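Please look at the structure first.

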Amino acid sequence: MSNQFIVSKSTQVTADLSNPVLRNASRILRRDLAATVTALGEANQIQLVLDSQLPASEQFKITRVAPQQLQISSGTARGVMYGALAFSRQVLHVDDFWFWLDTLPQPVPTITVPTLAQLQLPAFRVKYRGWFVNDEVLLKHWDYQESNTNVWLLVYETLLRCGGNLIIPGTDKTAHENTVTAAEMGLILTHHHAEPLGAQMFSRAYPDLDASYQKYPELFQGLWRDAIAAQKDHAVIWTLGFRGQGDRPFWLDDDQHYSLADRGRIISDVIKTQYRLVKAAQPEATCAINIYGELTALSQQGLLDIPADVIQIWADNGYGRMLSRRQGDDDPRTDVLSGGRPDRSQGIYYHVAFHDLQASNFLGLLQIDPHTVAAELEKVHQAGMDDFVMCNTGNIKPNVLFIRLMAQSWRADFHVQSEAQILKDYVAHYYQTAHAPIARLYHDYFAAALAYGPFADQKAGDEFYPYTLRKLVATWLTGRKQLPEMGWLTGDQEFAAQLDHIEKLIRGAIQPWCALAQNVQQTQATLPGADKRRLYNDLWLSVAVHVYPLKALKLVINAIRNCDSATDRGRLCAFVQADAAYRNLQRVPGLWQANPQPKWAHFYDNDCYNNLVSAADVTATLRAHIRLIGDGPDLDQWERQYLMAPRDAKIMLLSNTHRAYNDGELATRLRGRYDWLDAAATLD
């Protein structure tokens, strides 16, 4: 037998294609072979084999069964998939995040397979390792190679490459649509905490009925039975629980009053009913429950009765800490790690992307530094709460650094490193040049984050600016006395005091973000093509969704104050400031669409959370309103007073000689004519 197995274009991949997991593993391996080797060679074969004689585990074996035959085998289909991906990673050098960071290796004529003993599944300290692809509005409305199914197949592939075995494949309808394709990749299915058992939402099935379990227990149970029947042939961790129809406490959808004890009793009864239904269909089934939101307080007061073998899953606060999350204005910051049950199987649900309509990160990289995240995950391990670790990935692309870090934390060899070491490793792995300057840019991203409260995790993500801006404009235009739903930030104050509070918070953040934006762009200009494109996508776009909306928010505050001064000069300043805010908000969609990596040009098209296009429209409304106040209903007074030559402005033989300038053109001309107006609209 030859000492070498040479991979070439002549290498074939064989598998039992009637098994969907092996079919997908074969597809991936054939694709990667086609992308990495270019020369013909001696005909040989890689066999993917599901071997019933091997243990039914995730482990795999790669053996040379004949001179020209390599066999990747396991006692489970998932194990075969892991083996195929290990071969792709370690032999063909295809990176786990190749798709998201555009890092396919340079093709070579042939590849010699190294010592087979090196090709092993790593040891994991976490049994159930998963992703919740949540708030997936970008992924859902984006196609790769003209197919959204391709996008989801690559999501599952990346999770498996990272060593994951568990998936919530989207939210609500998306999760239902993706169930089969996720299972056919070899993943275990589980469910959103607001969609127990993966059942259809009650209000979707029965839109004319109140979503009350007290009134319609049989209908709820019918939906649960249907969900169990639909998934019984898949590997599933069954999520138990009971929430309302909008990912909120159930009692908010019910017209009855429930005491705290009533709430605990009803949820406990529902959990036991769901548990019985699952066990009747699958006696060996694994069940889990998310101790999340309102369930945290009920659990800590001993008001929940949960079967002993149900995995209890605890959540972080969305800002990197294992604390109870803020809900509305209520932020008790209850420590989660000390509230668990060491005698029970426990897990966590941890966000690297979050959506709370307040200050979370949706479009950009998590604003909490990676050392803090790594240290928090290690605390979870020390508390014995990592039998099950679910990462809320958001839309994946903006969050690779943290998704990769979480995947590393699943492994037995994980240890906490400094921020500098984490960034050094990440940059060295994904960039070919300028490692130290690029690592510094990532560090400065975390250092620039706006602190909105006294605690280290109270840092503002990219949602903070557009949500706050829209509320400011709406409140000012309608003359309301207070910003809605902003007590969590400003306390119970009237609008003027709230405006002062927000302006004081953001004032000091503008210079660090502007400096970082300048440094990123300058560094990009020095990089070779692949590194330049990677920095653009992995960091610059995250910087952009902070710096430009932040500047817009400050300019809107300045505009409101200047307009309130009730002077013509103040209104002129307000007008050009509102225009500058509008232009700053428009910058971000422009950057998305001008992406130097063409496949990503439309990735952010469905930004319907931050909705920067809507925020720009709101700011344009503010600009138009200010102009009506100062320029008058005919929209010609400012042109006469500030742009026309005095000898022409006073002649009224013709009321107009041309159509009034639109708002943007007028603002541009005013700024070009008067330095004091240009200065008022400029933030650096």
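The crossing of helix α19 and helix α21 is left-handed, meaning that the near helix is turned anticlockwise from the far one by less than a right angle. This is a predicted model, in which local features need pLDDT of at least 70, side-chain atom pairs count only at pLDDT 80 or more, and totals for chains, interfaces and linings use all residues. Residues are numbered from 1 along each chain as its sequence is written, and side-chain values use heavy atoms, without hydrogens and water.

**Helix pair**
- Helix α19 spans residues 529-564 and helix α21 residues 612-631; they pack at about 20 degrees, with axes 12 Å apart.
- That angle makes α19 roughly parallel to α21 (angles under 35 degrees count as roughly parallel).
- Pro549, Val556, Ala559 and Cys563 of α19 make the contact with Leu612, Thr619, Leu622, Ile626 and Ile629 of α21 (contact means heavy atoms within 4.5 Å).
- These contact residues of α19 and α21 divide into 8 nonpolar, 1 polar and no charged.

**Strand β14**
- In β14 (residues 388-392), 5 of the 5 residues are buried, so the strand is largely enclosed by the rest of the structure (buried means under 20% relative accessible area, with a 1.4 Å probe and protein chains only).
- Phe388, Met390 and Asn392 point one way from β14, while Val389 and Cys391 point the other way.

**Pairing of β14**
- Strand β7 (residues 128-132) pairs with β14 in the parallel sense over 5 bridges (strands pair if DSSP finds at least two bridges between them).
- Trp131 has Cys391 of β14 as its bridge partner.
- Strand β13 (residues 346-351) runs parallel to β14, joined by 5 bridges.
- Ile348 has Val389 of β14 as its bridge partner.

Note on methods. Axes fitted to C-alpha atoms, helices over the stretch in contact; angles between N-to-C directions. Helix = DSSP H or I, 4+ residues; strand = E, 2+ residues; numbered from the N terminus. Parallel < 35°, antiparallel > 145°, perpendicular 65-115°, else oblique. Nonpolar A, V, L, I, M, F, W, Y, C, P; charged D, E, K, R; others polar. Buried < 20%, exposed > 50% of the residue type's maximum accessible area, 1.4 Å probe, protein only.
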